[in-house]
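Here's a quick tour of a single protein chain, starting with its overall build and ending at one residue. Have a look at the model first.

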Amino acid sequence: MTAAEHFDRLVTDLADRGVARAAMFGKTTLKNRHGKAFAVQQPDALVFRLIAGSPAFDQALALPGAAVFEPAPGRAMKDWIAVPEAHADHYPRLEAALDALG
């Protein structure tokens, strides 16, 4: 399954929590019921907004190939972690991104 297919599955799985597809950074995103983005679709990864220093952030960053998201080189976004699709089995557990937004 591709990152895009995993993203679509998250949209479906989280619909009952008020999650909607939107756009940010010129990319498809997921936003909570208050309009705050918590996930971004990339060609070969999903990017999750996790609170820097939180257990979910540290666990996501520890995955091989995961990195702090840079929408442009040198423009790191401290609370966003890009998780390669090789770790797609972790995507459902990264719902902490949604929970962190309240």
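Predicted model: local features only at pLDDT ≥ 70, side-chain atom pairs only at ≥ 80, totals over all residues.

In the protein chain you'll find 3 helices and 6 strands. Read from the N terminus, the order of elements is α-β-β-β-β-α-β-β-α.

How does the radius of gyration of the protein chain sit against that of a compact globule? A compact globule of 102 residues would come out near 13 Å, and the chain has 12 Å, so the two agree. The C-alpha trace spans about 30 × 30 × 25 Å along its principal axes.

Here are some whole-chain numbers in one place:

| Property of the protein chain | Value |
|---|---|
| Residues that count as buried | 40% of 102 residues |
| Share of contacts (separation of 6 or more) from residues 24 or more positions apart | 47% |
| Accessible surface | about 5400 Å² |
| Part of that surface on carbon and sulfur atoms | 53% |

On the charge side, the protein chain carries 11 positive and 12 negative side chains. The centres of those two sets lie 8 Å apart.

Now for the close-up. H6 sits in helix α1, which covers residues 3-14. Is H6 buried or exposed? Its relative accessible area is 14%, and because buried means under 20%, H6 counts as buried. Which residues does H6 touch, once its neighbours within four places in sequence are set aside? Those contacts are M1, L46, A88 and Y91.

Conventions:
Residues numbered from 1 in each chain as written. Heavy atoms only, no water. Helix = DSSP H or I, 4+ residues; strand = E, 2+ residues; numbered from the N terminus. Buried < 20%, exposed > 50% of the residue type's maximum accessible area, 1.4 Å probe, protein only. Contact = heavy atoms within 4.5 Å. Rg over C-alpha atoms; globule rule 2.2 N^0.38 Å. Areas by Shrake-Rupley, 256 points an atom, 1.4 Å probe, with all protein chains shown as cover. Lys, Arg positive; Asp, Glu negative; His and termini not counted. Charge placed at Lys NZ, Arg CZ, Asp CG, Glu CD.
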